[in-house]
Number of protein chains: 2
Amino acid sequence: MELRHLRYFVAVAEELHFGRAAARLHIAQPPLSRQIRDLEREVGTPLFERTPRGVDLTPAGSAFLPEARLTLAQAERAQRTALRAAKGETGRLRVGFVDAATHSGVLPNVLSFFRMHLPSIGLSLFEMDARQQAEALRDGRIDLGLLHSPPLDADRWLRVEAVFTDPVILAVPEDHRLAGRARFTLSSLAEESFVLFQRDVAPSTSDDIIARCRTEGFSPRVVQEAAGWNTLVSLVGAGVGVAFIPRSLQQYQQQGVAYRSVPDLSVDMELSAVWKRGDRSPVRERFVTALRAVGRTRSRVVPSKG
Amino acid sequence: MELRHLRYFVAVAEELHFGRAAARLHIAQPPLSRQIRDLEREVGTPLFERTPRGVDLTPAGSAFLPEARLTLAQAERAQRTALRAAKGETGRLRVGFVDAATHSGVLPNVLSFFRMHLPSIGLSLFEMDARQQAEALRDGRIDLGLLHSPPLDADRWLRVEAVFTDPVILAVPEDHRLAGRARFTLSSLAEESFVLFQRDVAPSTSDDIIARCRTEGFSPRVVQEAAGWNTLVSLVGAGVGVAFIPRSLQQYQQQGVAYRSVPDLSVDMELSAVWKRGDRSPVRERFVTALRAVGRTRSRVVPSKG
DNA sequence: CCCGCCGTTACCTATCGGGTATCGTACGAC
DNA sequence: GTCGTACGATACCCGATAGGTAACGGCGGG
């Protein structure tokens, strides 16, 4: 049995006339008769009762008709589903992300965009640090990662694309002797006490900053390390020291903390999307496209207060 | 797109290997490659990603797989459904019946048999007299009739088959002067008052009885006509007269009525199934078969008191 | 009683599904 | 590196079969 038989059967069942059905199918009438006969032989029972003025459906034919229609509809549905999946309009995407991706607002914006415009895409979200993301990508547990520091061997097997640039600014206690100034040079911070984000989570940014300090002739005196941005900013608010943070954190306006830019630091934290080289998933591509768009917007929109 | 393409696709998707899939399908590998390529062209997107060690499903292929399986299953279901309908195991039957068909117990028994053993057959029941049944059959509103007096032109376009024979007996008021006798000859009733069932509903039985009376040398004196069997027997109980009734009514044992057989009357009411000549409905055939079986049983089982 | 409608049968053609032989390529063994 | 191997793809052939044309048969209406 082939779909052709079902298409022909439905045509005859609807016309109740071999001649008209054949015309509708753009074939001659005798081949149609033969296809129907073959179908009846294969199904195992007559589906039509031939009358002098046309044909009638047998009980078996009447029962077969709706099922045949369903089969044809299901076949079309199969094709449509595949096409939609190919266009990335349906499917599932598993995303690993560092929490800074949510702080910057990039991830929430993309998520709400997907819920709104592509509701038939299932999204699975996993908060994990850069190392975990690399492992999960390698094992095929996630399709996309969002992180700041791609693994060193990334180029070999990953595609990395920066989607959002977050300049690093300075957080100082409000009662700090330097809080009065609007802007800083990096070298003016040589004597300060620093609270730093734990290096192993975002090593490249940490290293960049420290390297910049060295070129200014000092090594930052680290009095405390913190494992999360919230903790970090709280420590600053408690007067433990000053800290370098991504500008998007500024929106939370923690009590007792002032935010100042350090123009000559010019270190950025780049949020990057990473995925396996050779992954052609259209859903992943759509997600990256959305990330790019949102990342651009937010890079412009987030106010750059002094 | 044909079901063949889907069968081949599923095989390759399950094996993830053209060679093994081809073996499973009992065809060579090159034609399989070609069919898959044709399918991909028709669907409009690649379904497999060819790798050196075999193939992987693309996202479109993954989406297509369950839908293809559904399509194949639906096609099989269509065939099974047609076969079951051909065997009369599923479908719908519209039955017209006279109420005597329920009194005799024939119809209720067949109905419970169908509910029990063929639950997927839908039954529509319409109480109607013989004339209405003939019209409904002609118009295709019912598939089967159950009646006592087939229309006169029945042989031309109907098949009639007696399924249950109900001998006619006599109902007499208990205080009637003849109630003491166990049995009657027809001629002994020459002087009685009769309550008769309205002729137009079951004309042939009425006429048979009256004809028999005539051969015994008398015309029954009809003092009342009744339109339903209940009314008829009630009138007998009220002493209005005696009445000929089908034996199966005896089971209701109406107050004040005695039932006596009239051996030399030998008129039977035959419950007949009627359907259109040329109707090959398997469900109808099953129903008639069940009617025959139940009719035989009940003809024997109903006690022949009196 | 004949004509016409309609489905079937008979036979031909051509498309296409399936087979065999061969090729191109990526990976692993050495 | 080189060779061998395990894939799927390609090229080409053959036979099955879908589809076309012509003729046949049966039932109903004029």
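The model is predicted, with local features requiring pLDDT of at least 70 and side-chain atom pairs counted only at pLDDT 80 or more, whereas totals for chains, interfaces and linings use all residues. Residues are numbered from 1 along each chain as its sequence is written, while chains are lettered from A and ligands numbered from 1 in the order in which they are written.

The surface near DNA strand D draws at least two residues from each of α3 of chain A and α2 (18–25), α3 and β2 (54–57) of chain B, these elements being DSSP runs numbered from the N terminus (helices, H or I, at least four residues; strands, E, at least two). The element that gives the most to this surface is α3(A), with 4 residues. Divided by class, the surface near DNA strand D has 8 nonpolar, 5 polar and 2 charged residues; here Ala, Val, Leu, Ile, Met, Phe, Trp, Tyr, Cys and Pro count as nonpolar, Asp, Glu, Lys and Arg as charged, and the others, Gly among them, as polar.

Around DNA strand C there are 17 residues, of which A:Phe18, A:Pro30, A:Ser33, B:Ile27 and B:Pro30 come nearest. At least two residues of the surface near DNA strand C are supplied by each of α2 (18–25), α3 (29–43) and β2 (54–57) of chain A and by α3 (29–43) of chain B, with α3(A) providing the largest share, 4 residues. This surface near DNA strand C comprises 8 nonpolar, 6 polar and 3 charged residues.

The contact between the two protein chains takes 31 residues from chain A and 31 residues from chain B, two residues being in contact if their C-beta atoms, placed from the backbone, lie within 7 Å. On the side of chain B that touches chain A, α1 (3–15), α4 (59–86) and α11 (282–301) of chain B each supply at least two residues, and α4(B) gives the most, with 18 residues. That side of chain B consists of 18 nonpolar, 9 polar and 4 charged residues. Of the interface residues of chain B, 100% are also interface residues in chain A, so the copies meet through the same surface.

The crossing of α1(A) and α4(A) is left-handed, a term applied if the near helix is turned anticlockwise from the far one by less than a right angle, and right-handed if clockwise. Among the residues of α1(A) in this contact are A:Leu6, A:Phe9 and A:Val10, and those of α4(A) include A:Leu65, A:Ala68 and A:Leu72. The contact of α1(A) with α4(A) contains 9 nonpolar, 2 polar and 2 charged residues.

In chain B, the axes of α2(B) and α3(B) come within 9 Å and cross at roughly 105°, and these two helices are therefore roughly perpendicular to each other. Here B:Phe18, B:Gly19, B:Ala21, B:Ala22 and B:Leu25 of α2(B) contact B:Gln29, B:Leu32 and B:Ser33 of α3(B). The axes of α1(B) and α2(B) come within 8 Å and cross at roughly 130°, in a right-handed crossing.

Note on methods
A residue is near a molecule or strand if its C-beta atom, placed from the backbone, lies within 6 Å of it. Axes are lines fitted to C-alpha atoms, for helices over the stretch in contact, and angles run from 0 to 180 degrees between N-to-C directions. Angles under 35 degrees count as roughly parallel, over 145 as roughly antiparallel, 65 to 115 as roughly perpendicular and the rest as oblique.
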